[in-house]
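Please go through the questions and answers below with the sequence and the 3D view at hand. They move from single residues to the contact between chains.

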2 protein chains.
Amino acid sequence: MDGTRVFLANSNQHINIGKETHSRNGFVYVKNPHLDLMEEDILYHLDLGTKTHNLPAMFGDIKFVCVGGSPNRMKAFAQFMQKELGHEGEDNDLKNICAGTDRYSMYKVGPVLSISHGMGIPSISIMLHELIKLLHHAKCCDVTIIRIGTSGGLGVEPGSVVITDVAVDSFFKPQFEQVILDRVVTRSTELDQDLASELLKCSGKDFPTLIGHTMCTYDFYEGQGRLDGALCCFSNEKKLEYLKRAYNAGVRNIEMESTVFAAMCRLCGLKGGVNSGNAFDVPN
Amino acid sequence: MDGTRVFLANSNQHINIGKETHSRNGFVYVKNPHLDLMEEDILYHLDLGTKTHNLPAMFGDIKFVCVGGSPNRMKAFAQFMQKELGHEGEDNDLKNICAGTDRYSMYKVGPVLSISHGMGIPSISIMLHELIKLLHHAKCCDVTIIRIGTSGGLGVEPGSVVITDVAVDSFFKPQFEQVILDRVVTRSTELDQDLASELLKCSGKDFPTLIGHTMCTYDFYEGQGRLDGALCCFSNEKKLEYLKRAYNAGVRNIEMESTVFAAMCRLCGLKGGVNSGNAFDVPN
């Protein structure tokens with residue numbers, strides 16, 4: 001699973017989940033009528049807030065957000081962006097904006113925000129709720145978000161990059177089931193094909209790049225057919241049979257965050273992408 | 001949700017999920033026949049392995065494992081244990097055993113291991129798979145594991161500690177649904193009442209302590225009835241109605257890791273507990 005890169009492209013269209021409707025004017029929007037009534041919005045897990053920080057001044061120019069699981073990698077990515085954008089001289093000492101908490105790490109380089117999200121759907125979901133509110137409060141417009149992740153490849157050359165066209169669950173369905181109180185709501189995980197194509201065009205010749213479905217699981221071991229967890233009650237044959245079915249359904253890699261990423265970006269007007277690199281092929 | 005402590009007590013009994021059976025001799029056991037056939041077991045996310053590290057020498061004396069979400073808090077807990085056990089002089093400079101990775105942090109103080117697990121079921125699940133294999137390879141015996149967590153209280157005084165007797169899901173059921181390949185397996189989340197009682201006896205007079213059910217969700221915002229996420233499509237009345245039903249079902253606090261913790265410890269012969277402190281009451 002480690003050492004892989006992925007791009008997910010996300011549709012800018014949205015599903016209306018509340019009574020309110022939103023115009024598609026490029027703004028990042030929240031879908032929560034309660035927020036307008038709140039005097040202060042505290043983004044607990046980012047250690048930021050509307051009363052303690054001037055969010056429009058700090059983040060109003062953001063156009064790209066890159067997210068990934070590991071804090072160290074997201075710092076390394078921000079340092080890479082410093083070089084790429086010629087920001088090296090300005091501030092060599094990259095500051096972790098979320099230094100007041102150890103839940104996530106965040107770095108800003110010009111219009112690019114780099115944030116870690118930990119591992120798994122619940123962890124990235126908390127970060128996305130607070131990031132989306134942050135971009136909303138900062139009045140950010142036309143924001144593209146890209147998950148730069150690691151994943152296990154399925155029938156693809158180790159080291160290749162999969163650009164996700166659609167995120168699917170363990171049953172190969174293009175959906176994310178969100179429990180709201182005790183009601184299960186199904187959300188779409190379809191992604192913007194234009195952005196996926198655009199990302200494919202950016203690929204160089206250093207590693208193979210392809211577009212495919214990405215399967216998102218709640219578990220690294222039993223859920224992904226690994227034989228080396230503390231618990232394993234299936235045979236190698238059963239595992240291969242499942243992975244073959246996944247491949248035939250269009251799955252080219254497996255990770256643990258893409259469905260909720262796709263669903264939330266889609267709902268909130270964020271043009272999203274996932275770009276995963278595969279260190280090794282899962283069947284091996 | 002922050003600032004809370006919790007104890008979960010876990011039954012030492014197990015459910016047989018494979019063909020093999022295990023005697024209840026106090027050893028931490030894996031339930032995976034494939035592991036015996038492997039030449040090397042790499043614990044990827046802990047940066048440890050059976051060929052690169054002498055696990056029995058490093059960890060064989062472990063009797064207590066304490067786990068919590070935040071790396072900083074688990075370091076602080078290890079420092080506290082240094083003082084409590086009189087280990088201060090021996091090694092003032094507490095070393096992060098997992099320093100080679102930024103996925104988890106791990107500290108050892110005598111027979112006590114302190115490990116962070118990040119946020120949510122998938123994140124703690126990866127850590128538990130590798131921790132259980134670590135304790136198995138190290139031939140550890142009679143190990144007690146305690147989650148020292150934060151949670152949102154339900155009808156309890158802010159600052160109080162809930163010792164979990166049973167972890168329940170969003171539908172108040174005492175179970176954890178594990179997807180294995182694409183099959184859903186239901187596992188018990190019942191906990192050892194003796195350990196819960198023992199933990200209750202340890203409580204001081206500094207804060208109220210009680211035994212109750214702990215609800216475990218996949219989401220911090222929509223799943224826990226919070227009105228301040230980026231997405232919210234329910235009213236305050238609907239939220240209160242749901243939380244009232246949870247209270248009537250015996251739930252006294254809500255967090256994001258207890259069901260899989262209870263299920264995995266139960267299956268692998270780890271005597272487990274969860275001890276959560278509630279910084280504030282969810283309905284407020």
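Q: Where in chain A is the place of Leu181(A)?
A: This is a predicted model, in which local features need pLDDT of at least 70, side-chain atom pairs count only at pLDDT 80 or more, and totals for chains, interfaces and linings use all residues. Residues are numbered from 1 along each chain as its sequence is written, chains are lettered from A and ligands numbered from 1 in the order in which they are written, and side-chain values use heavy atoms, with hydrogens and water left out. Helices (H or I, at least four residues) and strands (E, at least two) are DSSP runs, numbered from the N terminus. With elements named in that way, Leu181(A) falls in the loop between β9 and β10 of chain A.

Q: Is Leu181(A) buried or exposed?
A: Buried means under 20% relative accessible area, exposed over 50%, and partly exposed in between (1.4 Å probe, protein chains only). Leu181(A) has a relative accessibility of 8%, so the residue counts as buried.

Q: What is the phi of Leu181(A), and what is that of Lys139(B)?
A: Neither residue is a glycine, yet each has a positive phi. Lys139(B) lies in the loop between α3 (121-137) and β7 (144-153) of chain B, and it counts as exposed because its relative accessibility is 60%. The phi is about 55 degrees for Leu181(A) and about 60 degrees for Lys139(B).

Q: Which residues does UniProt place under the feature "binding site"?
A: The entry is unreviewed. UniProt positions are given in the numbering used here, feature names are shortened, and annotations may be inferred rather than shown by experiment. The record puts this feature at Gln224(A) and Arg226(A).

Q: Which backbone oxygen does the side chain of Gln224(A) reach?
A: Gln224(A) sits in the loop between β11 (209-216) and α5 (236-248) of chain A. Its relative accessibility is 0%, so Gln224(A) counts as buried. A polar contact is a pair of N or O atoms within 3.5 Å; within protein, one must be able to donate a hydrogen and the other to accept it, and residues adjacent in sequence count only if both atoms are side-chain atoms. At 3.5 Å, the side chain of Gln224(A) reaches the backbone oxygen of Asp219(A).

Q: Which backbone oxygen lies 2.8 Å from a polar atom of the side chain of Arg226(A)?
A: Arg226(A) is in the loop between β11 and α5 of chain A. The residue is buried because its relative accessible area is 7%. The backbone oxygen at 2.8 Å belongs to Phe220(A).

Q: How many residues does the contact take from chain A and from chain B?
A: Contact means heavy atoms within 4.5 Å. The contact takes 67 residues from chain A and 67 residues from chain B.

Q: What area do chain A and chain B bury between them?
A: Buried area is the accessible area (1.4 Å probe) that two parts lose on being put together, summed over both. Carbon and sulfur atoms hold 60% of it, and the total is about 5800 Å².

Q: Which residue forms a salt bridge with Arg245(A)?
A: A salt bridge is a side-chain nitrogen of Lys or Arg within 4 Å of a carboxyl oxygen of Asp or Glu. The count between chain A and chain B is four. In the bridge of Arg245(A), the closest N and O atoms are 2.9 Å apart, and the partner is Asp182(B).
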